[in-house]
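Please open the model in your viewer and keep the selection tool at hand.

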Amino acid sequence: MLGITVATYNIHRCYGIDRRFSPERIRKVLEELDTDIIALQEVETYDDGGFDLLKFLSGDQYQPIAGPTLLRHNAQYGNALLSRLPIKQVLQHDLTVPDREPRGAIDARIQKSGITFRIVATHFGLSIRERRLQAQRILELIEPQAESVEILLGDLNEWFLWGRPLRWLHRAFAKTPSFATFPACFPLLALDRLWVRPNIVLKRLQRHDSPIARIASDHLPLRAELELPTRLTLDTQE
């Protein structure tokens, strides 16, 4: 079995609950997470020689994948994926609903020891109708299953535990625990989510609740430990 670790974290443009801009705090949280792959939401970076947040957060540990959804004349804002593992393929999917803020998903194939797995990182919208349409689009993208192991994670903004988007995604993967991640200082809502299929691959899922994580952003991260089957196991299952 091949162990990997993944996380999802809405970094709120590096503004903490004290309204202070501090990329250093976010980077410290990423160091605490110490995962092979991290999906980030609300990443803002500048293209005109200004501060490159994604480069700063990647450091010399990660290869960054940008998934901007909002483009300005000198900046981009949206999703990102950081990976310590080799990236085989990256696709960008538009999940934007008309008259709503642009949204998207990063769809990547990543390898470890010759095993390819798929990870889809996203950030859903704020309205009920918007989230339903975005969940339907994600389901279209992931059905049928294309890789032996697939991971869906991100900020789904779905505070209704009985909401249709969650029910649909639970059926497509398997139900995973609901950890309250928002607001970070006193978590009440399970906005951040992570699913894996087959579910047996998921060995541990937890909320990362450290003192610095409680102030660095308005969300807490989710961290998961997975065990990928070896090539021999995959061939046996086929």
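For sorting residues by class, Ala, Val, Leu, Ile, Met, Phe, Trp, Tyr, Cys and Pro count as nonpolar, Asp, Glu, Lys and Arg as charged, and the others, Gly among them, as polar. The model is predicted, so local features need pLDDT of at least 70 and side-chain atom pairs pLDDT 80 or more, while totals for chains, interfaces and linings use all residues. Residues are numbered from 1 along each chain as its sequence is written, and side-chain values use heavy atoms, with hydrogens and water left out.

**Stop 1: the pocket**

A pocket is an open set of points on a 1 Å grid over the protein atoms alone, with protein on both sides within 12 Å along at least five of seven lines; a cavity is a set of points where a 1.4 Å probe fits but cannot get out; lining residues have an atom within 4 Å of a point. Grid points are joined across faces, edges and corners, and a volume is the space filled by probe spheres set on the points. The largest pocket holds about 190 Å³ of space. The lining comprises 4 nonpolar, 5 polar and 5 charged residues.

**Stop 2: the sheet**

Next, display the strands. Strands (E, at least two residues) and helices (H or I, at least four) are DSSP runs, numbered from the N terminus, and two strands pair if DSSP finds at least two bridges between them. Now select Pro68, whose bridge partner in β4 is Gly78; the antiparallel strands β3 and β4 are joined by 8 bridges.

**Stop 3: the cavities**

How many cavities of 30 Å³ or more are counted? The count is 2. For the largest, of about 50 Å³, select its lining: Glu42, Thr69, Tyr77, Gly78, Asn79, Glu101, Pro102, Arg103, Gly104 and His123. Strand β4 (residues 75–83) gives the most to this lining, with 3 residues.

For the second largest cavity, also of about 50 Å³, select Val43, Thr45, Leu54, Ala66, Gly67, Pro68, Gln76, Gly78 and Asn79. β2 (37–46), β3 (63–71) and β4 each supply at least two residues of this lining. By class, the lining has 4 nonpolar, 5 polar and no charged residues.
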